[in-house]
Structure formats: C-alpha cells, structure tokens
Amino acid sequence: MENIAIVGGGITGLSLALALHRLGLKSLVLESSDGLRVAGAAFVTWTNAWKALDALAVGHLLRPQHCQLSGGNREVRCVKRRVLLETLANELPKDTIRFSSKVVSIQTSGHLKLIHLADGSILKTKVLVGCEGINSIVARWLGFNQPSFTKRFAIRGYVQCKENHGLNPEFLLFTGHGYRCGIIPCDPTTIYWFFTLSPSNQEQEEEIIENPMKMKQFVVSNLGQVEDKIKAIIEKTEVEDIICSPLRFRPPWEILWGDISKGNVCVAGDAFHPMTPDIGQGACSSLEDAIFLARYLSEAFSVSRSEEEQEELEYKMIQNSLKKYAKDRKWRAIDLVTTAYLVGFLQQSDGKVMTFLRDKVLAPFLANLLMKKADFDCGPL
C-alpha cells in the first residue's frame with residue numbers, strides 16, 4: 001500500500017517526489033528503465049524553472065555547475081539533464097525510486113488504484129500520478145489520445161570539450177530555409193545544440209532519422225552561412241551523443257475538454273501537456289506542475305481523521321485537491337502549448353514573405369512573448 005505512486009522517474013516524477021518529501025509526504029516513483037533516464041542531453045531553464053528549483057531547495061546546487069546566459073535581466077541557464085536528475089535523486093530518501101517497474105495496466109478497487117507491473121507484481125495506492133512522458137499509460141487511462149505529430153523532428157547533440165570551448169555564454173539561434181538551430185553553452189567545457197527540421201519526403205526522413213552520422217552531416221550541410229567555429233561544434237559531436245526525436249504536442253482543445261484528473265488519478269509534465277520545444281518551456285512547466293501538485297496533495301493528507309471516516313473523507317480530499325490542481329494548470333498548459341506551436345511554425349517557415357515578417361516585424365514581439373511566459377512564478381511549497 002502506497003499513499004502516492006508516481007509513474008515515471010524523469011524530471012517531472014523526481015521533482016514531484018522531492019516536492020512531496022519537502023512537505024513531509026512519502027511517495028514511490030515507478031521507473032520502467034533500470035536506471036535514471038539521462039538521454040536528452042540538456043535543456044534551457046528559464047526564470048520560472050529556477051523559481052521552482054529554488055522551491056525544491058536544489059537551485060543552489062545546480063547554479064555553480066551551469067553558466068548564466070547573457071542578455072536581459074532574467075536568469076537563464078542550459079542545464080545538463082544528467083546533473084539535474086542525479087541532483088533530484090540524491091535529495092530523495094532511499095528506496096523512493098523503484099527501477100525496472102514498467103506499469104502495464106491500472107484498475108480501480110474501491111477508493112484505491114491497483115497498479116499492475118510487467119513483472120507480475122501489483123501495488124495499491126491512494127493517489128496515482130502519471131509523469132511518464134508522451135507515451136503515458138496513465139494519460140490513456142484518463143482518456144487522452146496519443147499526442148499529435150507535427151511532422152517535424154529535433155536532432156539534439158551534446159559536446160564535451162577537453163578544454164574551454166571559448167564561446168560566450170549566449171543563446172545562439174539560427175533560423176530560415178525550413179530549419180531552426182540553437183547553440184547553447186552549459187558550462188565552460190560543455191555545449192548543447194539542437195536542430196529542428198521538417199523532412200521533405202519519406203525517403204529523406206528514413207535516411208536521416210535512423211542514422212546519427214547522417215544526422216550530423218545533414219545539420220552541418222544545412223547550417224548556411226555561419227562561422228566555422230559553429231560548424232566545428234556539430235562536427236566534434238560524437239555520434240553516440242546525437243539523438244533524434246519526433247516533435248509531438250497535445251492539441252489545446254484536448255487539454256481544455258479532457259480529464260487532467262479523475263478521482264484519485266492525474267497527470268503532470270509531458271504526460272499532461274507535451275509541447276514543441278520552440279519556447280523552451282516543456283521541462284520548465286513540468287517543474288511548475290510538481291510544485292502545484294505537491295502543495296495540493298499536502299492539503300489532502302494534512303487533516304487527521306478517525307479510522308472510521310478516514311477512507312471516504314480522505315478520498316474526497318484527494319479528489320478535490322487534484323481537481324484544484326487541474327483547474328490551476330489547465331490554462332497555463334493551453335497557453336504554453338499553443339504559443340510553442342505557433343512560434344515554431346513562424347520561426348521555421350520558409351519563403352520571402354514569411355522570412356521578412358519573422359525577421360523584421362515579429363522578432364521583437366516573439367522575444368518579448370517568450371520573456372513573459374518565463375516570468376511565471378509557481379510560488380513556494
């Protein structure tokens with residue numbers, strides 16, 4: 001019997017477990033892999049993410065390991081996924097994370113949920129939270145469809161230099177000709193880069209997406225007129241440090257009309273609001289989810305009751321807490337998903353008219369829009 005079971009040991013799941021731990025609540029994280037899922041290299045953390053990390057009391061551990069990007073008066077860094085996951089995991093009590101625990105089905109038993117694992121074991125829990133990403137079994141149980149494919153892909157790479165790479169701490173962004181590329185230093189010796197594309201045909205898609213070496217060659221040949229040192233960063237990337245993934249999102253109308261929570265079950269992070277990476281808010285908003293959800297769950301478990309009334313009232317408190325969470329996060333999720341999709345469409349569009357509008361007319365507006373989305377404050381735990 002568990003009070004709170006969290007499916008998925010990624011950024012969202014571990015952040016939620018740590019937020020609950022800070023509030024004195026024990027949880028169990030069920031992770032399908034046999035270790036921390038560190039694939040994904042790095043991601044940009046905007047001001048709103050740092051507010052959440054500070055609420056989790058880990059911001060001070062991460063800042064010294066990642067350089068502050070210049071430009072503007074906001075805190076923006078590129079955080080290495082492995083470092084973040086290891087930091088979160090190290091702050092959790094022993095045995096909080098159960099690896100090799102793939103959830104295959106979910107059943108209802110009175111006010112409890114029965115979680116069936118691939119190894120044949122069954123767990124009972126009072127609260128079930130799906131944090132296992134775009135292929136979430138919990139999201140499907142709630143009635144959500146598989147996230148929609150944008151017909152775009154993102155190639156991501158990670159370069160570990162033997163000595164200082166010499167780049168200024170800046171977010172370098174290149175757009176045009178149907179592509180979008182970013183180069184971001186994480187620290188003095190580590191660089192993260194991404195390249196988004198829309199394959200022109202099925203043959204090109206199959207040729208590039210399945211072969212890391214061809215991915216690298218494709219990126220280098222399509223960077224356009226950039227400095228040689230930028231191309232050199234891509235060329236230095238080891239093929240094992242390059243990944244490619246389809247870009248998917250949950251249509252905003254599904255979030256609007258769907259069940260983010262049902263009874264004692266809910267979703268958070270990419271299981272709730274998968275979005276394209278065009279405004280860098282996927283992981284940041286997932287950290288926000290963790291703070292909001294932990295706060296509401298702490299309310300449900302904070303009231304002492306007699307044994308006779310415990311089960312019924314506790315279930316109602318949990319149900320109401322998850323409803324509050326869903327209501328609070330619904331419009332923020334719709335806003336971010338919609339904005340990310342539109343920004344991606346504009347920044348990756350080709351053609352003279354669209355290029356002129358994007359580069360000359362909309363650029364200041366888009367920059368200001370991204371800053372506003374990053375100013376969100378999740379508040380303390």
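Biologist: Where does Ile234 lie?
Modeller: Ile234 is part of helix H8, which spans residues 228-236; helices here are DSSP runs of H or I with at least four residues, numbered from the N terminus. This is a predicted model, in which local features need pLDDT of at least 70 and side-chain atom pairs count only at pLDDT 80 or more, while totals for chains, interfaces and linings use all residues. Residues are numbered from 1 along each chain as its sequence is written, and side-chain values use heavy atoms, leaving out hydrogens and water.

Biologist: Is Ile234 buried or exposed?
Modeller: Ile234 counts as buried because its relative accessibility is 0%, where buried means under 20% relative accessible area with a 1.4 Å probe and protein chains only.

Biologist: And which residues does Ile234 touch?
Modeller: Leaving aside residues up to four places away in sequence, Ile234 touches Ile183, Trp193, Lys216, Val219, Val220 and Leu223, a contact being heavy atoms within 4.5 Å.

Biologist: Switching topic, how many residues has the largest nonpolar core?
Modeller: The largest nonpolar core has 97 residues, and Leu16, Val267 and Tyr325 have the most contacts inside it; such a core is a set of buried Ala, Val, Leu, Ile, Met, Phe, Trp, Tyr and Cys residues joined through side-chain atoms within 4.5 Å. Helix H10 (residues 282-300) supplies the largest share of this core, 11 residues. Another core, of 24 residues, lies apart from it, and Ile183 and Leu223 are among its members.

Biologist: What does Tyr325 touch?
Modeller: Not counting residues up to four places away in sequence, the residues touched by Tyr325 include Ile260, Val267, Phe292 and Tyr296.

Methods:
Buried < 20%, exposed > 50% of the residue type's maximum accessible area, 1.4 Å probe, protein only. Helix = DSSP H or I, 4+ residues; strand = E, 2+ residues; numbered from the N terminus.
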